[in-house]
Amino acid sequence: MGFAVTPLLRLARAGFVMAREGVFGLANLPDLPTGPRLAIRFARLFERGSVKSKSADRRLSDALNRLGPSYVKLGQFLATRADVVGKEAAKELSALQDQLPAFDHQAARKVVEDQFGQPIEALYVEFGESVAAASIAQVHPAKVRDKDGTLREVAVKVLRPNVQRRFQRDLQSFYMVARLVERFHPPSRRLRPVAIVDTLAQSVAMEMDFRLEAAALSEMGENTVEDPGFRVPEVDWIRTAKSVLTMEWIAGRKLSDVEGLSEDGHDLVKLGDLVIQSFLRHTLRDGFFHADMHQGNLFAETDGTLVAVDFGITGRLSPRERRFLAEILFGFITRNYRRVAEVHFEAGYVPAHQDVDMFAQAIRAIGEPIHGHDASEISMARLLTQLFEVTEIFEMRTQTQLIMLQKTMVVVEGVARTLNPHLDMWKTAEPVVGDWIKDNLGPVGKMRDAGSALGSMLRIANDLPIFADRIGRMSAEMESMVQKGLRFDIDTAKEIAREQSRLARSGRIALWILALSFAAIAIKYVL
């Protein structure tokens with residue numbers, strides 16, 4: 001009982017905190033159904049009196065800071081959507097990305113020493129105070145001495161104490177909401193809320209093991225070694241453990257400091273294009289992408305090179321999913337909505353019994369208003385509402401393997417918009433997507449696919465003797481079963497006997513309970 005009640009109480013507290021801080025007063029989604037609209041009005045009855053005098057941009061960040069790391073993650077996402085929450089609120093929420101209160105310096109030193117089992121002086125020549133604190137970890141500047149005696153600047157990322165326990169508590173609440181939604185609101189089952197929380201839980205578990213983050217940095221570094229204008233920090237593997245990550249110090253300016261980037265002389269339009277194109281290049285070419293590309297995790301070096309950090313959350317796409325993604329994006333870019341619809345059906349995103357022409361018409365209604373207009377003229381809140389309505393009409397189920405991609409695409413676009421408010425998403429994406437389509441779906445790509453298919457056939461041919469031997473043994477075993485019947489080994493037989501005995505005891509107990517119940521009823525009526 002406590003397991004069920006506790007998450008419910010946490011959710012009630014979260015709703016109460018948000019209501020008291022006036023968060024629900026920020027909701028301004030168009031075409032909101034009557035039920036949610038009435039719920040928001042009711043929640044606003046609990047607003048504190050001082051909220052009215054507090055600027056709107058402080059309400060959400062104050063509430064999320066009070067609620068803890070899981071909710072701060074939500075705020076980091078909203079910080080990239082100025083067109084949804086408003087420019088002032090987005091500016092305030094951006095502080096959640098890397099400007100949270102740091103935990104005690106001595107506690108950070110203790111985490112490092114516990115992880116490596118030696119004094120911190122044996123690892124670092126200097127270990128400074130925290131310079132950036134986020135929901136899961138904080139970063140310390142430090143210096144190490146290489147074997148040749150030279151000093152090297154590094155960044156040391158240290159996990160917050162007890163953060164894993166807090167995330168696990170919040171995940172229990174999220175699971176409860178997801179299960180309740182699936183049980184009592186059948187239309188939402190196609191969105192698979194429990195599967196979405198499963199994905200979140202897995203990503204959080206990986207994010208809190210810095211050895212996995214170091215491996216992601218290493219892999220991305222190999223993939224992007226020749227990429228124009230993009231790189232990642234090098235990992236110091238000797239000083240990296242589960243709760244401590246040591247890597248190259250990056251001296252660039254964060255993309256969250258737009259004014260500073262302008263003062264440095266950076267071309268903000270070019271930088272915004274680089275963010276979009278780098279993400280698409282990694283996704284389509286490598287099938288491996290940074291899934292937490294908010295402003296606090298991106299730096300611009302003096303020469304304009306984009307440097308990405310914090311690879312705790314990454315995403316992967318199979319070759320099949322990459323092809324679907326590229327064709328959908330290219331269909332939107334070229335306004336070939338019929339092909340966009342067909343790809344959705346080929347991928348299984350839309351049930352086969354739906355009408356492809358009707359779906360193409362719905363896609364056109366979403367895509368056409370975007371073309372010919374820059375980001376400043378498009379209401380993303382209205383667009384998101386329309387997208388949700390289309391998925392409901394055509395019974396589209398949430399694709400859990402694409403959750404990270406969908407979320408990151410929205411975040412990346414939001415980051416680029418902060419640099420260039422007049423961003424044309426489709427025009428920016430066209431060079432990368434078009435090149436991928438040409439290389440992979442054109443004549444060269446088809447020849448490469450044919451070569452891969454031939455190689456697969458040769459491997460199958462080499463394995464045919466093994467398959468033949470397995471099929472022969474399987475045939476002999478099936479013939480023996482037909483002639484002699486199905487036989488259990490001795491352990492299976494004993495297990496069946498134990499289960500039968502248990503069921504028999506349960507049955508006898510049930511019969512005695514029934515008998516005693518009837519006897520009690522009879523005595524009551526006799527007396």
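## Strand β9 and its partner β7

In this predicted model, Lys254 stands opposite Phe299, a residue of β9. The strands β7 and β9, the latter spanning residues 298-300, run antiparallel and are joined by two bridges.

## The four-stranded sheet

The pairing of β7 with β9 belongs to an open sheet of four strands, whose order is β5-β10-β9-β7 and whose pairing is mixed. The edges are taken by β5 (230-231) and β7 (253-254), each of which has a single partner strand, so that one side of each is left without a neighbour in the sheet.

Helix α13, which comprises residues 268-286, lies across β5, β9 and β10 (306-308), and runs at about 50 degrees to β10.

## The pair of helices α14 and α15

The crossing in which α14 passes α15 is left-handed.

On the side of α14, the residues that meet α15 are Arg320, Arg323, Phe324, Glu327, Ile328, Gly331 and Phe332, while α15 contributes Tyr337, Arg339, Val340, Val343, His344, Glu346 and Ala347 to this contact. Taken by class, the contact of α14 with α15 holds seven nonpolar, two polar and five charged residues.

Definitions and conventions:
Residues are numbered from 1 along each chain as its sequence is written. This is a predicted model: local features need pLDDT of at least 70, side-chain atom pairs count only at pLDDT 80 or more; totals for chains, interfaces and linings use all residues. Side-chain values use heavy atoms; hydrogens and water are left out. A crossing is left-handed if the near helix is turned anticlockwise from the far one by less than a right angle, and right-handed if clockwise. Contact means heavy atoms within 4.5 Å. Ala, Val, Leu, Ile, Met, Phe, Trp, Tyr, Cys and Pro count as nonpolar, Asp, Glu, Lys and Arg as charged, and the others, Gly among them, as polar. Two strands pair if DSSP finds at least two bridges between them. Axes are lines fitted to C-alpha atoms, for helices over the stretch in contact, and angles run from 0 to 180 degrees between N-to-C directions.
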